[in-house]
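This report looks at a few residues in one protein chain. Please keep the sequence and the 3D view at hand while reading.

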Amino acid sequence: MRPSREQVAARGEDFAARALEARGWEVLHRNLEIGRGEVDILAKDRSCLVFVEVKARLNTDFGSPVEAVTRGKQRQLVRLAAQYLAAHQLHDQDCRFDVAEVELDANGELVRFELLENAFQADGMSFF
């Protein structure tokens, strides 16, 4: 039976979190709700705070997973990051935005994982 969209997303986040931990990262939060939005994974890569957007797909018929991280989604993630940093008084904290691409087969098994570090920059974006 083909997994549902929610199952694909959850499975993708599971794979991504394990892959980040295997790289030595510390996963601080998963599905972190901030205001009216959510960060899929908030992790620490050495001293850098990383906001990770996970995009999981069963196939690439409609484009690669990273293509789903539109300019609007990027603005939303930057806004959420700014809110998180302000709420935790992390004004001088180094941070970046990564995208984790997860491709699964019809059984929900991992086919491909790719991490795009510094997938986009916050420069010039409006935070609020």
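Are Phe97 and Phe120 buried or exposed? Both Phe97 and Phe120 are buried. The model is a predicted one.

## Aromatic rings

There are 3 aromatic pairs in the structure. Phe97 and Phe120 make a stacked pair, with 4.9 Å from centre to centre and 20° between the planes. This pair links distant parts of the chain: Phe97 belongs to strand 4 (residues 95–104) and Phe120 to strand 5 (residues 110–120), 23 residues apart.

One aromatic cluster is formed by Phe51, Tyr84, Phe97 and Phe120.

## Trp25

Trp25 sits in the loop between helix 1 (5–22) and strand 1 (26–34). Its relative accessibility is 7%, so Trp25 counts as buried; the cut-off for buried is under 20%.

The side chains of Trp25 and Asp45 are joined by a polar contact of 3.2 Å. Residues that Trp25 touches include Leu20, Ala43, Val50, Arg96 and Leu115. Trp25 and Ser47 are 22 residues apart along the chain, and their C-alpha atoms are separated by 10.0 Å.

## Asp40

Asp40 is part of strand 2 (residues 37–45). Asp40 is buried but has no salt bridge. The nearest side chain of opposite charge belongs to Lys55, 5.9 Å away, whereas a salt bridge needs the atoms within 4 Å.

A polar atom of the Asp40 side chain lies 2.8 Å from the backbone nitrogen of Val54. Val54 is also among the residues that Asp40 touches, as are Glu13, His29 and Val52.

Conventions:
Residues numbered from 1 in each chain as written. Predicted model: local features only at pLDDT ≥ 70, side-chain atom pairs only at ≥ 80, totals over all residues. Heavy atoms only, no water. Helix = DSSP H or I, 4+ residues; strand = E, 2+ residues; numbered from the N terminus. Buried < 20%, exposed > 50% of the residue type's maximum accessible area, 1.4 Å probe, protein only. Lys, Arg positive; Asp, Glu negative; His and termini not counted. Polar contact = N/O pair within 3.5 Å; in protein donor to acceptor, adjacent residues only side chain to side chain. Contact = heavy atoms within 4.5 Å. Phe/Tyr/Trp six-rings, centres within 6.5 Å; stacked < 30°, edge-to-face > 60°. Lists of a residue's contacts leave out its neighbours within four places in sequence.
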